[in-house]
Amino acid sequence: MSGYVFVCEGNSDISKLKSLGLVHVYKTDGYFLKAELINFLKEVEKVRKVILIFDPDKNGHRIEERIASNLSNYEVVRVGYSKAKGRNKLGVAETDRDYLKELLLPYIEEEQDSITTLDLLEINLTDEEKMKLKERFHIRVSNSKTIREDLNTLKLTKADVLKVVRWKN
């Protein structure tokens, strides 16, 4: 197993982490985690290590505990409290970029997409087929970009997708 997926709290955290070159980054939207995210992460941990990186505050620790209690293949990266202080906020997004990059350097790696936009265009998924993928892998199906991101996070290929969506009972 190789590769990582990163889980943080919100959009500003995602932006900060992606600016460092991280690709597979997901957000919890705070403490009220959706079952869909937990189920998706359970699928992901079969092929990638899940890296949890949350704000160094009470809510961040509570979110970490909730997710960690549902996973077995994860690591926690803790941002130092003093390093995560912004003007009026405390969090991953406020953390010094160089410090954050140093913390995450062991997890930054290059990888090829397992499925491309062209692959998805060729498959031409119907709404029913998207729902099959959602049921099987717990992916987001709001648009083709999120479908491609989630399929790549799961390291699924065009052939894997076709097996699921075109298989007849």
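Let me start with helix α7: it gives the most to the lining of the largest pocket, four residues. Helices here are DSSP runs of H or I, at least four residues, and strands are runs of E, at least two, numbered from the N terminus.

A word on the source. This is a predicted model, so local features need pLDDT of at least 70 and side-chain atom pairs count only at pLDDT 80 or more, while totals for chains, interfaces and linings use all residues. Residues are numbered from 1 along each chain as its sequence is written, and side-chain values use heavy atoms, with hydrogens and water left out.

Back to the pocket. Its volume is about 440 Å³. By pocket I mean an open set of points on a 1 Å grid over the protein atoms alone, with protein on both sides within 12 Å along at least five of seven lines; a cavity is a set where a 1.4 Å probe fits but cannot get out; lining residues have an atom within 4 Å of a point. Points are joined across faces, edges and corners, and the volume is the space filled by probe spheres set on them.

The largest pocket has 23 lining residues. Nearest its centre lie Tyr 26, Lys 27, Asp 29, Leu 37 and Arg 140. Two or more lining residues come from each of α1 (11-19), β2 (25-27), α2 (35-44) and α7 (144-153). By class, the lining has nine nonpolar, five polar and nine charged residues. Nonpolar covers Ala, Val, Leu, Ile, Met, Phe, Trp, Tyr, Cys and Pro; charged covers Asp, Glu, Lys and Arg; the others, Gly among them, are polar.

Now the sheet. What is its strand order? It runs β2-β1-β3-β4, an open sheet of four strands with parallel pairing. Strands pair if DSSP finds at least two bridges between them. The edges are β2 and β4 (74-76), each pairing on one side only. From one strand to the next, the twist averages 25°. Angles run from 0 to 180 degrees between N-to-C directions, with axes fitted to C-alpha atoms, for helices over the stretch in contact.

Look at β1, residues 4-8. β1 and β2 pair in the parallel sense over three bridges. Cys 8 stands opposite Lys 27 in β2. Helix α1 packs on the sheet, touching β1 and β2, at about 170° to β2. Contact means heavy atoms within 4.5 Å. Helix α2 lies across β1, β2 and β3 (49-52), at about 155° to β2.

Which α2 residues are buried? They are Leu 37, Ile 38, Phe 40, Leu 41, Glu 43 and Val 44. Buried is under 20% relative accessible area, exposed over 50%, partly exposed in between, with a 1.4 Å probe and protein chains only. Their cover includes β1, β2, β3, α3, α6 (127-137) and α7.

Asp 13 sits in α1. Asp 13 is buried, at 4% relative accessible area. Beyond four places in sequence, Asp 13 touches Cys 8, Asp 55, Val 92 and Ala 93. Glu 64 lies in α3 (58-68). Glu 64 is buried too, at 12%.

Last, the cavity. There is one of 30 Å³ or more. The largest cavity has a volume of about 90 Å³. Its lining includes Tyr 4, Phe 6, Arg 48 and Tyr 107. That lining divides into six nonpolar, two polar and three charged residues.
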